[in-house]
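Student: Could we go through this structure together? I would like to start with how the chains meet.

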Amino acid sequence: MPGSGKSDDRRLGFKASQEVVVVAISVVLFLVFSATLNNFLSQGNIIAILKNVSILGTLAVGMGFVVVGRGIDLTMVAVMVVGVAFSIWISTWGIDFTLAVICGAILVAAIGLFTGVMVAIAEVPPIFATLAIASSVYGSGRIVFASDVLYAPPDIAWLKFVGNGNVLGIPMSVVIFGAVAALMGLFLRKTRFGRLVYATGDNPNAARTTGLPTRPIIVTQYVVSALIAFTAGIIMTGLVTGIDTRLYNSSLIYDVLLVVVLGGIGLSGGQGGVRNVIAGTILVGILTNGMTILNFSYTSQNLIKSVILLGALAIDAIINPRDEQTSQSGDI
Amino acid sequence: MKLFKKCLLAGMTALAFLGAAQVASAQETDQVGRAAYLDGVKGKKVIFVPISQGMDLNQAWVMVWQRHAARYGFTLEVRDPNGDTNAGIRAMQGAIAEKPDLIIVQNPDVQTYARLLKQAQAAGIKVLQVNMQSATQTDSYVGNDWIEMGRLEMGELAKHCTGPNAVSHKVVWLAGVQTGAANIYMRTGIDEVLKANPELQLVSDQPADYISEKARQITETVLQQHPDLCGIMGIWDNAEVGAGAAVAAAGKQDQVTIVTNGAGAATGCESIKNGLLDVIFNFNAPIQGEIAAQQISELLQHPDRKAGSEKTIFFGPITRVDKTNATGRNCWKPEDIK
């Protein structure tokens, strides 16, 4: 099982080196910004960096979980905005908001289940299945909700706490991101199910031939990533008092992929973990924060981000070369 | 007997006059010019290509126009590209091919539809642009005076952030989409105010892309960098609530003035009441819609006038709304317009 990294030392060496590259870039950027920008190194700014990547990071943990199993989940942003918007929408009928959120979570899990079934049982390639489902989910939401921006009811104590609360000085949004990441990390590393995800991602056919329940594993991945997306949506609603469904049209889903690939989770599956997601998230966080402080234009920010994504993909291609096995079973 | 005859005659004459008068008044009950108006607009076809129908301003416009269309018998079709520029181009091409009597368009930026609008005019289709202009001027534009909007918003910040009592002279411009008409023209107005108030210091000029979370992130970062920030101006109330949330999270609501503009929806007033926003320059989308409806009637009534031969501009109202007047007409709900 190469995911464990024990049977293939050469791969482990390379894998570590990509993560090291990302961490090294982060450290260099951090030092440069600390030296050149006022207040960059302040405690407040470090917390701001973490707070600003908490949504991206939470989504990336979910995406990473799917990519490890050789999938990809492009429905995450659609599920996030529509799930939360659905909760807010039904709460306007007079349903208690907490109950509405639970209903939203159930809806989101059902969407995840459907995506998982399409990928695992109907065997539609995940990139196409999730692209199409994302569009249908968002489209249905647009028809139902009329408005793009939906505001949560104003006096929900727990939602305010998610947005503005602190635990030991750390904002709740960061705490939730940390908790999701820690749970996922433990799940992938320490549970048998987690190891099976790596096996499925590394070689789905071999995994199936050996008798692993690959289909239920894949379905579970999509349900979990949908629920994580919903969690990210709740964080966002807490932070800005509402949800903007137009985020579906933004580059957010690609930023999520950027974080995952950048961190070193190969798109060919079976490798990497939550640590990689965190490395990628922190690099993007430092980069965005620095570019905002430097007041770079939107276009140049996007350019720099895309050059980094391209670089990450190139490194991925060198580190995980296409071989007989990947070309037979496909990349994604 | 003679007297009786005279009376009878007088009576009959009176009756005859009365009858004639009645006939005359029956003819005059048709309002002058109404028949020609109805004839002019009835059965005409209008296509609207918005940026996205999910926005509050678009919903207000279309509600007003649909009511107008239903009453006077023309059709209004909305081809919503939902924020996708490519889909918008296809929608415009489709609309031109159908040769409607009028195309209404809300431009995503000044360039994308510029050539298509020329094509439409060349094909004899009249074009009304709403709120977001293209580089191509067409028959009519109804919407904001965006340069004035930039001037008003930065002027508001100049009031708070200049002089000896100001916290600092630092201000932020949270832009929308940099190629959008609103953005480009507001910037001109902003620059005029900055030039007139040289002590004002523009410390950040970043587009939030009309997304509240992006506005929140930028504001949070900028506040770390400039803890003594005095004011923030934005481009859409629904996005600047994010800036408001970041300022509130930093506990600086009394220090930082947040000014933006908006369609005047009740959600904006709620944001003022919640303390997330301080001032909204309200362009009252339902009234804007009525002005555009008047333009629709005008353009449909003169089929003989060549498309693009007369170019007119109508700037809508702008009302300064803060805590004191965030009520009534300044805070409409979609159900109020119906």
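Student: How many residues does the contact take from chain A and from chain B?
Tutor: In this predicted model, 34 residues come from chain A and 31 residues from chain B.

Student: Which elements of chain A supply at least two residues each to the side that touches chain B?
Tutor: They are helix H2 (43-68), strand S1 (149-151), helix H6 (157-164), helix H10 (214-240), strand S4 (242-244) and helix H12 (274-293) of chain A. H2(A) gives the most, with 6 residues.

Student: And how do the residues on that side of chain A divide into nonpolar, polar and charged?
Tutor: On the side of chain A that touches chain B, 12 residues are nonpolar, 17 are polar and 5 are charged.

Student: Changing topic: what is the strand order in the open sheet of chain B?
Tutor: The order is S7-S6-S8-S9-S10-S12 in chain B, 6 strands with mixed pairing.

Student: Why is one side of strand S7 and of strand S12 of chain B left without a neighbour in the sheet?
Tutor: Strand S7 (201-207) and strand S12 (319-321) of chain B stand at the edges and have a single partner strand each, so one side of each lacks a neighbour there. On average, neighbouring strands of this sheet are turned by 20° against each other, direction ignored.

Student: How many bridges join S10 of chain B to S12(B)?
Tutor: Strand S10 (residues 279-282) of chain B is joined to S12(B) by 3 bridges, and the two run antiparallel. Ile280(B) stands opposite Val321(B) in S12(B).

Student: Which strands does helix H9 of chain B lie across?
Tutor: Helix H9 (residues 237-249) of chain B lies across strand S6 (170-175), strand S8 (231-233), strand S9 (257-262) and S10 of chain B. Helix H9 of chain B runs at about 165° to S9(B).

Technical notes: Residues are numbered from 1 along each chain as its sequence is written. Chains are lettered from A and ligands numbered from 1 in the order in which they are written. This is a predicted model: local features need pLDDT of at least 70, side-chain atom pairs count only at pLDDT 80 or more; totals for chains, interfaces and linings use all residues. Two residues are in contact if their C-beta atoms, placed from the backbone, lie within 7 Å. Helices (H or I, at least four residues) and strands (E, at least two) are DSSP runs, numbered from the N terminus. Ala, Val, Leu, Ile, Met, Phe, Trp, Tyr, Cys and Pro count as nonpolar, Asp, Glu, Lys and Arg as charged, and the others, Gly among them, as polar. Two strands pair if DSSP finds at least two bridges between them. Axes are lines fitted to C-alpha atoms, for helices over the stretch in contact, and angles run from 0 to 180 degrees between N-to-C directions.
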